Amino acid sequence: MSRRAQPLRLGPGPVVRTVIWVVLGAFFLIPLFSMLEFTLRTAKPGVYSFDRWAAVFGGETTRYDRVYQGLGNSLVLAVVTVAIVLLVLLPTIVLVELRFPKLRRLLEGVCLLPIMIPAIVMVVGLAPTYAVVTSVFGSGAWTLAFAYGITVLPYAYRAIQSNVAAVDMTTLSEAARSLGARWGIVFWRVLVPNLRRGILAASALSVAVVLGEFTIASLLSRVNLQTSLLLVSQSDPFVAVIFALLALVFAFVLLFVVDRAVSARRRVAKGS
Amino acid sequence: MSALETAPRLGSTVALEGLVRDFGGGAGLAGFSLAAEPGEFIALLGPSGCGKTTALRSLAGLERVDSGRILIDGRDVTDEPTNRRDLGMVFQSYSLFPHLTSGQNVEFGLRMRKVPAAERRRRALETLELVGLHHHADRYAHQLSGGQQQRVALARALVTEPRVLLLDEPLSALDAKVRVQLREEIRRLQTELGITTFFVTHDQEEALAVADRVAVMRAGAIEQIGSPEELYHRPATAFVAEFVGLTNRVPGTVSGGVLAVLGQTVPLAAPAADGPVTAYLRPEDVLLAGDGIPAEVLTTSFLGALRRTRVRLADGSELAVQHGARDLPVPGEHVRLALSGTPVTVAPEA
């Protein structure tokens, strides 16, 4: 009796894959569970309680207002930073790709530069710049977004560029132009829908970076989530860990949701 | 019957006058001029880097020209952007918008012209029906084969009833059988709709098969333009003779308006000065005959209804001979050759 030929499968088998999943899962989840366990501790060893969580979210005390202020600032910063990425970086990448392909390397170099410059060094350069920023835009925490727009560049650029490389933007835009589309329509109706995956990934990464940023905010004397957590942690380490845990879970869920949304869209497109 | 099928003839006159485009390294245009009549199907044929795609892209407005004029229906559109030229274009690479279905792709041009949704849908389906894909209106590009994608791209280019249809090597990514089917379909639709069409290709067989006129290009300009028959039988230059169809280069002598070659005299395709020349002989104009010059068979290939045989003459030069498939020369066999007497193109010996 002949056997049906099995397709050649590369990569690890199911056992190895399970082991990899477990190890990686433990790597990410053990710190999170440790943080959770820490926040649930009481004065008595082995006894746990949600009292601290209730106190933080119960609204009965003003002790945590500074953290909420920091959280609010960070969320505003995240939105403004994503806006900067989408309004400045995305059109620039598209423009370079379509009209100035010779500048691709230069743009890549400029965008990757911030990852090589330590935040502390960047702040030395940013400090005098922010004297001007403050005189023009005031000293609101949201102005940090101008600096964050630079710090997220490497992540956002890579996310968008990997999508751009997978799409023949030149032919798509030329096809749209030949059908009567103006440049604005080419961008919004043809290019953006096909760069959705990169745009979502860039946005999610930018949010994650902004929520975790400390150095620039601290050295430029602005309040964001991380600086406020540091401040609170000096009097109440438990609440600092609660917010740090929530920020991590939020970033994790955000990336997960974006990934699922993109995958689901891809599945619908392929399955229909 | 669809709206497009009952539409009046859509062809426009197109004139490209002295187009110059210098890229500083080939593939540009060097005084390219061409005039197309309404409804004419013109193929731009030439080797890589001859400027054929640049000429098409200039007509589309996708490439600017350094000088020269582009007129459609007598109106100068040289400085008009692509989206205002009212053209349909099919590209070499697959160009369907991946996030839209076939139907939505075809509707795109109508949407840009603000056609109401119901009419848009109806016209898109009618045009997809023209290319035999109305049942695939809800499919995305990745759910279609290469040939189907190019058919949808053709429907998308035609649905707006453009003044000129531009085809930039639309068949080159397809396999041989689909390529032949689709080129015949393109020709059928073009004839039915009467759209003035420019078709860029490097495949001479494709150009000769579909076009009313073929423009053979070289170094950014047209070397010769004419019907496929003219180009094949009366090539104006050595370049055209060699590029279009298979050709044997044989030394000969022109004297008194006739050519002496391979021991025979034959008429000239175009007048030439007396003296030594290179004659360009088509394989089908060299016959296996009982009383001609002697040659030895080297190889022979079966081509269906025909057979092509390579022979070596006494002086060591080689010739390709095309003959009926029923003649079966054997390698090593001694045969004799004669010329059919068809007028021959010559070039002065270098």
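Over how many bridges do strand β11 and strand β14 of chain B pair?

**View 1. Pairing of β11 and β14 in the predicted model.** Strand β11 (residues 248-255) and strand β14 (residues 275-281) of chain B pair in the antiparallel sense over seven bridges, where strands are DSSP runs of E of at least two residues, numbered from the N terminus, and two strands pair if DSSP finds at least two bridges between them. The bridge partner of B:T253 in β14(B) is B:P276. This is a predicted model, in which local features need pLDDT of at least 70 and side-chain atom pairs count only at pLDDT 80 or more, while totals for chains, interfaces and linings use all residues. Residues are numbered from 1 along each chain as its sequence is written, and chains are lettered from A and ligands numbered from 1 in the order in which they are written.

**View 2. The open sheet of chain B.** Five strands of chain B form an open sheet with antiparallel pairing, in the order β13-β12-β11-β14-β19. Because β13 (264-267) and β19 (345-348) of chain B stand at the edges with a single partner strand each, one side of each is left without a neighbour in the sheet.

**View 3. The side of chain B that touches chain A.** In this view, 21 residues of chain B are in contact with 18 residues of chain A, contact meaning that the C-beta atoms, placed from the backbone, lie within 7 Å. On this side of chain B, β6 (87-90) and α3 (102-112) each supply at least two residues, and α3(B) gives the most, with three residues; helices are DSSP runs of H or I of at least four residues.

Key:
Contact = placed C-beta atoms within 7 Å.
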